[in-house]
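Here's a quick briefing for anyone opening this structure for the first time.

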Amino acid sequence: MSKTAILEIDGKKYEFPIVEGTENELAIDIKSLRGDTNGITTLDPGYKNTGSCESAITFLNGEEGILRYRGYSIEELAEKADFLEVAYLLIFGELPTKSQLEKFHNDIKAQSHVDEDVKKIIDGFPKSAHPMGVLSSLTSALVAFNPSSVNVDSEEEMYNAIVRILAKFPVLTAWAYRKRVGLPLDYGDDNLGYVENFLKMMFKKPSGEYVSNKVVVESLDKLLILHADHEQNCSTSTVRMVGSSHAGLFVSISAGIAALWGPLHGGANQAVIEMLEAIKEDGGDTKKFMAKAKDKDDPFRLMGFGHRVYKNFDPRAKIIKRSADNVLDALGIEDPVLDIAKGLEREALEDSYFVDRKLYPNVDFYSGIIYRALGIPVEMFTPMFALGRLPGWIAQWREMRLRKEPIGRPRQVYIGEKLRSFKDISNR
Ligand code: SDX
């Protein structure tokens with residue numbers, strides 16, 4: 001394979017190096033393009049063909065449906081690791097030893113309190129506020145109570161900010177839910193595991209003991225692993241972009257939460273369940289909704305289907321689909337929308353519109369069915385995605401800072417008015 005790419009413009013040739021990744025991905029390094037060509041840049045809305053960075057964290061192969069965190073397959077990690085182990089792996093690059101994991105968890109527990117004044121901020125939100133908006137605001141507000149988390153140049157300072165956000169984010173997520181349902185903003189129990197403690201913070205009733213369910217804890221732990229990172233997706237790129245100005249970790253994550261909220265991104269898991277419920281209410285006629293999804297004049301899309309990178313099955317969707325069957329069986333739950341989802345998948349995989357466009361179920365298609373079976377309300381589905389994605393955002397932000405990446409500042413092609421003179425209002 002050639003090591004350079006040649007660009008010819010007006011008979012003049014420009015040569016650019018081709019960089020090759022560990023998994024043989026190739027990219028044309030155009031760092032010198034604008035300078036070499038006296039101002040010519042590239043144009044790539046949505047960055048469909050543009051790499052923003054070199055990263056050693058997550059590898060995706062969309063054509064083959066491969067996903068690996070630091071070289072480990074998502075299938076192995078989902079089966080053999082727990083969420084905190086995967087968080088450590090993503091952030092620091094290696095699976096932790098027993099003592100490293102214990103120290104990591106203890107350092108997180110040591111920071112698991114949230115200043116009582118944060119409750120005054122939560123009090124200011126209406127009960128109807130969407131938890132993603134509350135979470136983005138609270139994560140940003142956390143800076144005021146953790147000023148040492150802002151200017152983190154040393155790895156030690158970064159570590160302290162990292163364990164703080166890993167400790168406090170589950171509390172804020174649980175409190176965002178409890179505010180909506182009118183429950184006291186309480187803590188869990190630091191003697192429990194990370195995920196088990198989160199579930200206790202979410203669902204503990206004021207007057208009774210919270211009894212953990214092993215199936216629920218293990219299912220949520222697996223779901224969080226499956227959502228933990230996904231290379232340069234919209235919200236992660238947002239976290240990197242905000243962090244590239246050397247804004248703090250917490251506000252960078254707050255921006256990532258906002259980006260994840262969109263229905264084309266993490267908000268799709270809530271939109272999928274709402275879509276499946278609408279199909280059920282409408283009598284379960286999946287063919288009618290498939291026709292709507294294919295109709296260019298109809299804004300309806302089959303939520304949970306399609307992906308910018310995966311042009312094959314999203315490996316996470318396959319794992320979640322299997323897990324959905326197991327969880328519902330183990331909990332003795334019949335959920336009619338699971339059958340509707342499976343029906344839609346079957347029809348789409350036989351329909352040329354979807355096959356030609358390589359549209360397969362993505363991570364959001366089945367996840368809501370499990371969340372619902374675990375007792376998590378639909379408006380908390382995307383916050384669950386954020387809780388899972390938190391270690392990935394942290395890992396990518398840390399890598400960007402440690403590699404001393406430049407501030408993000410894309411160019412554009414201006415298509416507006418040429419120079420014109422000001423007109424006095426009396427002449428307009
Ligand atoms: C996530 O990037 C990541 O890694 C994200 C994520 C992560 O872990 O971070 O994996 C999480 O965000 C998963 C995606 C969740 N979103 C949805 O499920 C929403 C529904 N999906 C689509 O909106 C869409 O598929 C996207 C946004 C996911 C991808 O959009 P692209 O890559 O920009 O593709 P496109 O919109 O250009 O679509 C290509 C064609 C179009 O038809 P034509 O113009 O070629 O005729 O496919 C069609 C689209 O209309 N299409 C769909 C469709 N998705 C794409 N048609 C119907 N239903 C759909 N869901």
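There are 14 aromatic pairs in the structure, where a pair means rings of Phe, Tyr or Trp (its six-membered ring) with centres within 6.5 Å; planes under 30 degrees apart are called stacked, over 60 edge-to-face, and the rest tilted. Keep in mind that this is a predicted model: local features need pLDDT of at least 70, side-chain atom pairs count only at pLDDT 80 or more, and totals for chains, interfaces and linings use all residues. Residues are numbered from 1 along each chain as its sequence is written, and side-chain values use heavy atoms, with hydrogens and water left out.

**Aromatic rings**

- Take Y88 and F92: they make a tilted pair, 4.9 Å centre to centre with 55° between the planes.
- Both Y88 and F92 sit in helix α3 (residues 83-92), four residues apart, or about one turn of the helix; helices here are DSSP runs of H or I, at least four residues, numbered from the N terminus.
- Y88 is buried at 13% relative accessibility, while F92 is partly exposed at 25% (buried is under 20% relative accessible area, exposed over 50%, partly exposed in between, with a 1.4 Å probe and protein chains only).
- F289 and F300 make an edge-to-face pair, because their ring centres are 5.7 Å apart and their planes are at 65°.
- F289 belongs to helix α13 (residues 286-294) and F300 to the loop between α13 and α14 (315-331), so this pair ties together parts eleven residues apart in sequence.
- F289 is buried at 9% relative accessibility, and F300 is buried too, at 16%.

**Cysteines**

- Searching the whole structure turns up zero disulfides, a disulfide being two cysteine sulfur atoms within 2.5 Å.
- For C53, the nearest cysteine sulfur is that of C234, 14 Å away.
- C53 is partly exposed at 24% relative accessible area, and C234 is partly exposed at 47%.

**A helix crossing**

- The axes of helix α12 (residues 268-281) and helix α15 (residues 336-348) come within 10 Å and cross at roughly 95°; axes are lines fitted to C-alpha atoms over the stretch in contact, with angles from 0 to 180 degrees between N-to-C directions.
- That makes α12 roughly perpendicular to α15, a label for angles of 65 to 115 degrees.
- On the α12 side, the contact (heavy atoms within 4.5 Å) includes I273, M275 and L276; on the α15 side, P336, V337 and I340 are among the residues involved.

Terms used:
Helices (H or I, at least four residues) and strands (E, at least two) are DSSP runs, numbered from the N terminus. Angles under 35 degrees count as roughly parallel, over 145 as roughly antiparallel, 65 to 115 as roughly perpendicular and the rest as oblique.
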